[in-house]
Amino acid sequence: MNAAERPVKIVPKPAQAGEPLVVVEDITKVFDVSPPWLNRVIERKPRTLLRAVDGVSFEIARGETLALVGESGCGKSTVARMMVGLYAPSRGRVAFDGTDLATLGTAAGKPLRSKLQMIFQDPYASLNPRWKVADIIAEPIRVHRLIDGDAAILARVAQLLQHVGLAPADAEKYPHQFSGGQRQRLSIARALASQPTFLVCDEPTSALDVSVQAQVLNLMRDIQRQDGLTYLFISHNLAVVHHVSDRVGVMYLGRIVELADKSTLFSTPRHPYTRMLLDAIPDMQMTGKARTPVAGEVPNPLNPPTGCTFHPRCPLANDRCKAERPVLRRLDDGAQVACHAVEEGRG
Ligand SMILES: Nc1ncnc2c1ncn2[C@@H]1O[C@H](COP(=O)(O)OP(=O)(O)O)[C@@H](O)[C@H]1O
Ligand code: SF4
Ligand SMILES: [Mg+2]
């Protein structure tokens, strides 16, 4: 056989250590929340569009944890869903290991499906209450045909249960027989069953007692180290974010307003909203600093303020802020901030 006749072997591109695993470019999600068509015609009302996420970009390096933080309604879960292909972006794109997530539903995207997994706030969302734990955890193994034979699958289920701090005998139980923290361990085991490389964790501990939260967060961190996982970790709670993240993006009304290394963000918060959130959390260093509640309310996303959408709550707002929307700018230490006051060096 000469060289021309030899079948061409397609070798997957080797992962480059320096290349980010996840690249998000300018994603936007617009929901049509219009009343039914007939009502609109009768009342002569236009369509109502809600911009839940508006031009968000970031990258996540292999093995890194990027956290997204912000008050309820700022678009965190919508970003999370776009990251695993549950929502298609209205604009922009998400690439995973060099492949566009828009291909997820096609043959080209098939290898990706087992690699991206999501953990939700409410473990019941991913745990079928009528199924035994063994079947719940085995399902992704069967769907992706990762292991053949019932005995081998059961052995893998037992291994996964131990990996998340549960007992192999728990495989015979049903979800309702577990506590909230244990159920979240089960959903982690289920997510790990498909051998993912990227986990999107959407408020995974927000429904748990504080003492249990720390245990589950430590477990997630240990698993990340052992399995070399990459995380997008979403929380409204900066104290939780401090515990788990390498970098932090602060979201406000669908946009990232500050993105920085964890140490930079917590030691030198620049954006007035980041500072407001930091002042509101119980003092982590226990210096006795008073806690200041977050002032004001999140505006209605159907009718966002002009210019900088934070201006009605911002102590540094001026006329420019009301008219001109600030864009993310990179500072000397690598932090990115979208704020006119920071750019102008005031405040
Ligand atoms: N499926 C949907 N249809 C219409 N509006 C939605 C939908 N999902 C979220 N929203 C709206 O988008 C905004 C962002 O929501 P979400 O991403 O859930 O924020 P977060 O997770 O930060 O609380 C909110 O105003 C919410 O009401
Ligand atoms: S741009 Fe203006 S209103 Fe917005 S955060 Fe900065 S100072 Fe405040
Ligand atoms: Mg949410």
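Me: Which of the 14 residues around ligand 1 come nearest?

Reply: Gly-73, Gly-75, Lys-76, Ser-77 and Thr-78 come nearest to ligand 1; a residue is near a molecule if one of its heavy atoms lies within 4 Å of it. This is a predicted model, in which local features need pLDDT of at least 70, side-chain atom pairs count only at pLDDT 80 or more, and totals for chains, interfaces and linings use all residues. Residues are numbered from 1 along each chain as its sequence is written, ligands are numbered from 1 in the order in which they are written, and side-chain values use heavy atoms, with hydrogens and water left out.

Me: Which distances separate oxygen atoms of ligand 1 from side-chain atoms of Lys-76, Ser-77 and Thr-78?

Reply: A polar contact here is a pair of N or O atoms within 3.5 Å. For Lys-76, a side-chain N or O atom is 2.9 Å from an oxygen atom of ligand 1. The corresponding distance is 2.8 Å for a polar side-chain atom of Ser-77 and 2.5 Å for a side-chain N or O atom of Thr-78.

Me: How is the packing of H4 and H5 to be read?

Reply: Two packed helices are described by the angle between their axes and the distance between the axes. Helices are DSSP runs (H or I, at least four residues), numbered from the N terminus. Axes are lines fitted to C-alpha atoms over the stretch in contact, and angles run from 0 to 180 degrees between N-to-C directions. The axes of H4 (residues 133-143) and H5 come within 9 Å and cross at roughly 110 degrees. H4 is therefore roughly perpendicular to H5, the class for angles of 65 to 115 degrees.

Me: Which residues of H4 and H5 meet?

Reply: Contact means heavy atoms within 4.5 Å. Val-133, Ala-134, Ile-137, Ala-138, Ile-141 and Arg-142 in H4 meet Asp-150, Ile-153, Leu-154, Arg-156, Val-157, Leu-160 and Leu-161 in H5. By class, this contact has ten nonpolar, no polar and three charged residues.

Me: What are the angle and axis distance for H4 and H6?

Reply: H4 and H6 pack at about 30 degrees, with their axes 7 Å apart. They are therefore roughly parallel to each other, as angles under 35 degrees are classed. Val-133, Ile-136, Ile-137, Glu-139, Pro-140 and Ile-141 of H4 touch Leu-186, Ala-189, Arg-190 and Ala-193 of H6.

Me: At what angle do H5 and H6 pack?

Reply: H5 (residues 150-163) and H6 (residues 180-193) pack at about 130 degrees, their axes 9 Å apart. H5 and H6 are therefore oblique to each other.

Methods. Helix = DSSP H or I, 4+ residues; strand = E, 2+ residues; numbered from the N terminus. Parallel < 35°, antiparallel > 145°, perpendicular 65-115°, else oblique. Polar contact = N/O pair within 3.5 Å; in protein donor to acceptor, adjacent residues only side chain to side chain. Nonpolar A, V, L, I, M, F, W, Y, C, P; charged D, E, K, R; others polar.
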